[in-house]
Each structure stands twice: as structure tokens, then as C-alpha cells.
Amino acid sequence: MLGMGQPPGHPGQVASRVIEIPNGPEVNFVIGRGGASINAIQTQTQTHVNIQRANEVAVGSHSRQVTISGTEEAIARCAALIHARVMEYSNADGGASATLA
């Protein structure tokens with residue numbers, strides 16, 4: 001039947017994965033002005049991204065959770081682009097505010 005979704009285990013099946021990014025100005029850089037950067041990443045990778053809100057993060061936490069939904073391949077591409085954006089901020093800032101383990 002059309003519109004009934006994919007059978008389990010199908011390569012195009014939607015999944016979710018949680019990654020972590022530094023909880024600091026990097027978050028704003030990943031999101032971009034008016035959400036432009038994260039929207040472009042979502043469009044480019046055909047994923048949905050949910051970044052944990054600041055009021056949901058434990059006090060003193062050094063990381064923020066990012067939930068990515070899509071196909072496994074799309075999730076991997078999206079995660080790579082988000083990590084690249086964090087590294088771009090770190091390099092532009094001289095690495096002063098972000099250290100990734």
C-alpha cells in the first residue's frame with residue numbers, strides 16, 4: 001500500500017540519533033541567524049534536527065544534545081555537517097572557547 005511507510009529494516013527507514021555539541025556560543029553558530037544555518041543543513045541532508053533548549057540543559061553542563069532524525073545515511077551526513085560547523089566556530093575563534101574531546 002502506498003503511504004503506509006517502509007517495512008522494518010528497509011534502508012530508507014527513518015531513525016534518530018543523539019549527538020552532543022559544546023554548550024556555548026557554538027550552539028548559536030550552528031543555528032545561525034534566524035535559524036538559517038541549521039535550516040540549510042536540514043534541507044541539504046533531508047533530516048530534522050532538534051537542539052536541546054538552554055533551559056533544558058543541566059546547570060553547569062558543558063554539552064547540549066542534538067537529536068537528528070532521518071535515514072541512517074542522512075543522519076551521518078547531518079552529524080558531520082554539524083560537527084564541521086562547531087569546528088569552524090572553534091577555528092574562527094582561535095579555539096579559545098571550544099574544545100572537543
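This is a predicted model: local features need pLDDT of at least 70, side-chain atom pairs count only at pLDDT 80 or more; totals for chains, interfaces and linings use all residues.
Two packed helices are described by the angle between their axes and the distance between the axes. For helix α2 (residues 36–45) and helix α3 (residues 72–92), the axes cross at roughly 150° and come within 9 Å of each other. Because angles over 145 degrees count as roughly antiparallel, α2 and α3 are therefore assigned a roughly antiparallel arrangement. The crossing of this pair, α2 with α3, is right-handed. On the α2 side, the contact is formed by Ser 37, Ile 38, Ile 41, Gln 44 and Thr 45. Helix α3 contributes Ala 74, Arg 77, Cys 78, Leu 81, Ile 82 and Arg 85. By class, the residues of this contact comprise 6 nonpolar, 3 polar and 2 charged.

Rolling a probe the size of a water molecule over the atoms shows where empty space is left. The largest pocket in the model has a volume of about 160 Å³. Its lining consists of Val 27, Ile 31, Ile 38, Gln 42, Val 49, Asn 50, Ile 51, Gln 52, Arg 53, Glu 56 and Arg 64. At least two residues of this lining are supplied by each of α1 (25–31), α2 and β2 (48–51). Strand β2 provides the largest share, with 3 residues. The lining of the largest pocket divides by class into 5 nonpolar, 3 polar and 3 charged residues.

The two features meet at Ile 38, a residue of α2 that takes part in the contact with α3 and also lines the largest pocket.

Key: Residues are numbered from 1 along each chain as its sequence is written. Side-chain values use heavy atoms; hydrogens and water are left out. Axes are lines fitted to C-alpha atoms, for helices over the stretch in contact, and angles run from 0 to 180 degrees between N-to-C directions. Helices (H or I, at least four residues) and strands (E, at least two) are DSSP runs, numbered from the N terminus. Angles under 35 degrees count as roughly parallel, over 145 as roughly antiparallel, 65 to 115 as roughly perpendicular and the rest as oblique. A crossing is left-handed if the near helix is turned anticlockwise from the far one by less than a right angle, and right-handed if clockwise. Contact means heavy atoms within 4.5 Å. Ala, Val, Leu, Ile, Met, Phe, Trp, Tyr, Cys and Pro count as nonpolar, Asp, Glu, Lys and Arg as charged, and the others, Gly among them, as polar. On a 1 Å grid over the protein atoms alone, a cavity is a set of points where a 1.4 Å probe fits but cannot get out, and a pocket is an open set with protein on both sides within 12 Å along at least five of seven lines; lining residues have an atom within 4 Å of a point. Grid points are joined across faces, edges and corners, and a volume is the space filled by probe spheres set on the points.
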